Amino acid sequence: MGETTEHLHCPRCDAERRVIQPWRGWKPAWLAWKVGVVGVLALTPLLASDFCVMLPSMMLYLASGGILRGLARQLPVCSRCSLEIDGAPRPAPAVA
Ligand SMILES: [Zn+2]
């Protein structure tokens with residue numbers, strides 16, 4: 001998690017709140033993982049030939065993709081109530 005510098009409207013608090021932004025490096029890491037998968041798939045016969053080190057390492061790498069994907073999709077959260085807030089513009093208030 002990162003700094004709290006941006007302010008967004010929190011629907012739960014119904015106020016402008018500071019938000020905690022996820023680390024911006026997760027998205028490039030996720031892209032790098034996707035590029036790396038192509039290399040892993042290309043080298044699968046070579047990697048699968050070593051059952052002790054290379055094959056478990058390949059499986060760990062592939063399993064880490066799910067974690068990276070989840071981290072890359074994190075939304076900013078309200079610093080007060082921890083509600084995930086997307087940066088979409090605020091909807092117009094309902095007219096009574
Ligand atoms: Zn809030």
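Two strands are said to pair if DSSP finds at least two bridges between them, and helices (H or I, at least four residues) and strands (E, at least two) are DSSP runs numbered from the N terminus. The structure is a predicted model, in which local features need pLDDT of at least 70, side-chain atom pairs count only at pLDDT 80 or more, and totals for chains, interfaces and linings use all residues. Residues are numbered from 1 along each chain as its sequence is written. The chain has three helices and three strands, which follow the pattern β-β-α-α-α-β along the sequence.

**The chain as a whole**

- Of the 96 residues in the chain, 7% are buried, where a residue is buried if 20 or more other C-beta atoms lie within 10 Å of its own, exposed if 12 or fewer, and partly exposed in between, with C-beta atoms placed from the backbone.
- Among contacts with a separation of 6 or more, 54% join residues 24 or more positions apart, a contact being two residues whose C-beta atoms, placed from the backbone, lie within 7 Å.

**The sheet**

- The three strands form an open sheet in the order E1-E2-E3, with antiparallel pairing, and its edge strands are E1 and E3, each of which pairs on one side only.
- Strand E1 (residues 7-10) pairs with strand E2 (residues 15-20) in the antiparallel sense over four bridges, and Cys 10 has Ala 15 in E2 as its bridge partner.
- E2 also pairs in the antiparallel sense with strand E3 (residues 77-78), here over two bridges, with Ile 20 opposite Val 77 and Val 19 opposite Cys 78.

- H1 has 17 residues and reaches 24 Å from its first C-alpha to its last, close to the 24 Å expected at 1.5 Å a residue, the expected span being 1.5 Å times one less than the number of residues.
- H1 is hardly covered, since the count of buried residues among its 17 residues is zero.
- H1 and helix H3 (residues 54-72) pack at an angle of about 150 degrees with their axes 9 Å apart, where axes are lines fitted to C-alpha atoms, for helices over the stretch in contact, and angles run from 0 to 180 degrees between N-to-C directions.
- The two helices H1 and H3 are therefore roughly antiparallel to each other, a term for angles over 145 degrees, while those under 35 count as roughly parallel, 65 to 115 as roughly perpendicular and the rest as oblique.
- Residues of H1 that meet H3 include Trp 26, Trp 30, Trp 33 and Val 37, and the residues they and others of H1 meet in H3 include Met 58, Tyr 61, Gly 65 and Leu 68.
- Gly 36 lies in helix H1 (residues 26-42) and is partly exposed, because 14 other C-beta atoms lie within 10 Å.
- The C-alpha atoms of Gly 36 and Tyr 61 are separated by 9.1 Å, although these residues are 25 residues apart along the chain.

**Residues with positive phi**

- Most residues other than glycine have a negative phi, and most peptide bonds are trans.
- Asp 14, which is not a glycine, has a positive phi of about 55 degrees and lies in the loop between E1 and E2, where the hairpin has four residues between the strands.
- Asp 14 counts as exposed because it has 8 C-beta neighbours inside 10 Å.
- Ser 82, in the segment after E3, has a positive phi near 65 degrees, and with 10 C-beta neighbours inside 10 Å it counts as exposed.
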